[in-house]
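Let's take a walk through a protein together. Have a look at the picture below, and then we'll go through it piece by piece.

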Amino acid sequence: MRMAKRPVRRVGVVGMGYVGIPSAVLFAASGAFSEVIGLQRDSPSSGYKIAMLNRGENPLKGVEPDLGELLAKVVAAGTFRCSPDFSLVSGLDAVTLAIQTPFRNPADLVPDFTPLHEGLASVGEHLSKGTLVVIESTVTPGTTGGTARKILEKASGLVAGRDFALAHAPERVMAGRLIRNIREHDRVVGGIDSASTERAAELYRTVLTKGRILPMTVVAAEVEKTAENALRDLQIAAANQLALYCEAMGVNFYDVRAGVASLKEEGVTRGILYPGAGVGGHCLPKDSYHLERGVKELGKKLRNEHKKELRNELGKELNFQNDISSLFLLARQINDFMPKHMYRLTLDGLGRAGKEVKNSRVAVLGWAFLQNSDDTRNTPSEPYRKLLKRDGADVPVHDPYVDQYRNIQISHKLKEVVFGADVIAILTPHKQYRRLVPAKLKVWTGKERPVIVDGRNVVDPDAFIREGFVYKGIGRGDRNLHPLA
Ligand code: SAJ
């Protein structure tokens, strides 16, 4: 029986975060809907957003072009409001969920799906027939049609596909470009059946300007999202490995990079990215593990479901999962090695300056995982600092955008952090660090032979070497063994 297909007039967005807020605002501003409701749990960490949003104030930090005025407009027009009352779901035609799935703790690389599961249960509790449910969060392939579907069906007593539509439309937004990304990126949309795919496509078409819909199955959509980040992580790992090789062979990685990147013509390109002190953030460090979990869990499920078709297979011994390790997991290991390599360069630099690491003072410049941002999730600066603290170094931290991070004091005063430092280590390419003046820094350190370790290729090695610094830089095999001035 085909589901009663109501036109979508009232939309709910669950999770007023950096994905949900722009998504809800764009739905409300599209003019295609009579009402958009932002559903936000009144939790200690995020409940404050409800009142702010209803005043038309944007609770997100950082500069987000267009978001502020669009929000004010749709609140004033009464087409958008925020509420903690999930019973409102019963009157909605479509509900999207944009709840993040962070690591429970980075050590075990397992995502914490609890917030998403709670959001799904709250939606399920009030779900009415004919509603479209869309998951925007990044999930392990198999989740939407598996765990998520079960939670929704159990909480609602309805059947997905028959009574309500269910799809995955992964978010692809970058801080600082939220509105533009949602409007202009192509939108992958995958439903548990073709009707769900089509209904989700209709929903997202209302906010696209340049972007177009890429319809596919729900699992393909889940694989696409995790793969787009696993492949970026892989590209970065390739640049990191090549940079380590260049250091070992006394070569400037950036000369090699320029050559490789120059090779482009019809159908020929090289996506060479940049090496660095590590890969942080809320996407790349975890999405490869989502993909790996998906292929294991879904692979097994698919084989169990197709036992009959597979009964006479001849090639089972040649199963890739027994014979080769994952390139994506290897890429994760290479990228997670880079903070350790920064530590190695620091120790080498101290050695050349005739110093020990114990009781040395290593000034960390940059705590955010991304340039010109205050986002510290999975920052590579943390493992780097831990290694030095373990060796008895004093490791003060400077970051112009970050105010605090757990129990670590973060200073906005560069002179205070660099004062008396044996080493200055650049972990994040904040624009301020491109203008560092060697002579001034040397005076602040008060050291005859200070060390500079550049993890993001933001300073000119020769300017520091001339001032008497010991220089070390990732990928700078041409300078890392320089004669002391
Ligand atoms: N990084 C490198 N070398 C590079 C690029 C990045 O070491 O060449 C490091 C950065 O320093 C950072 C980490 O990788 O620590 C992640 O950087 P990122 O530029 O990928 O920023 P993210 O994590 O915000 O990635 C987001 C992702 N967007 C979504 O998941 C929706 C990613 O898919 C996008 O490709 C990326 O933005 C983007 O292209 O802006």
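Which domains does the domain assignment give for the protein chain? There are domain 1 (10–211) and domain 2 (217–485), with bounds that come from an automatic or database domain assignment. Keep in mind that this is a predicted model, where local features need pLDDT of at least 70 and side-chain atom pairs count only at pLDDT 80 or more, while totals for chains, interfaces and linings use all residues. Residues are numbered from 1 along each chain as its sequence is written, and side-chain values use heavy atoms, with hydrogens and water left out.

Let's take the whole chain next. The protein chain has 17 helices and 15 strands; these are DSSP runs numbered from the N terminus, with helices being H or I of at least four residues and strands being E of at least two. Its radius of gyration is 25 Å, close to the 23 Å from the globule rule for 485 residues, so the chain is as compact as a globular protein of that length. (That radius is taken over C-alpha atoms, and the rule is 2.2 Å times the number of residues to the power 0.38.)

Now for the place where the domains meet. Taken over C-alpha atoms, the centres of domain 1 and domain 2 are 32 Å apart. Across the gap, 29 residues of domain 1 are in contact with 24 residues of domain 2, contact meaning heavy atoms within 4.5 Å. About 2100 Å² is buried between the two domains, and carbon and sulfur atoms give 62% of that. Buried area here is the accessible area (1.4 Å probe) that two parts lose on being put together, summed over both. Phe103, Thr138 and Pro141 supply 27% of the area that domain 1 buries against domain 2, more than any other three residues.

What about charges? Side chains of opposite charge can pair when their charged atoms come close. The rule finds three salt bridges across the interface of domain 1 and domain 2, each a side-chain nitrogen of Lys or Arg within 4 Å of a carboxyl oxygen of Asp or Glu. Elsewhere on the tour, Lys61 and Asp374 join their side chains in a salt bridge (3.6 Å, N to O).

A search of the whole structure finds 31 salt bridges. Among them, Arg10 and Glu35 pair up at 2.5 Å, N to O. Arg10 sits in strand β1 (residues 10–14) and Glu35 in strand β2 (residues 35–39), 25 residues apart, linking distant parts of the chain.
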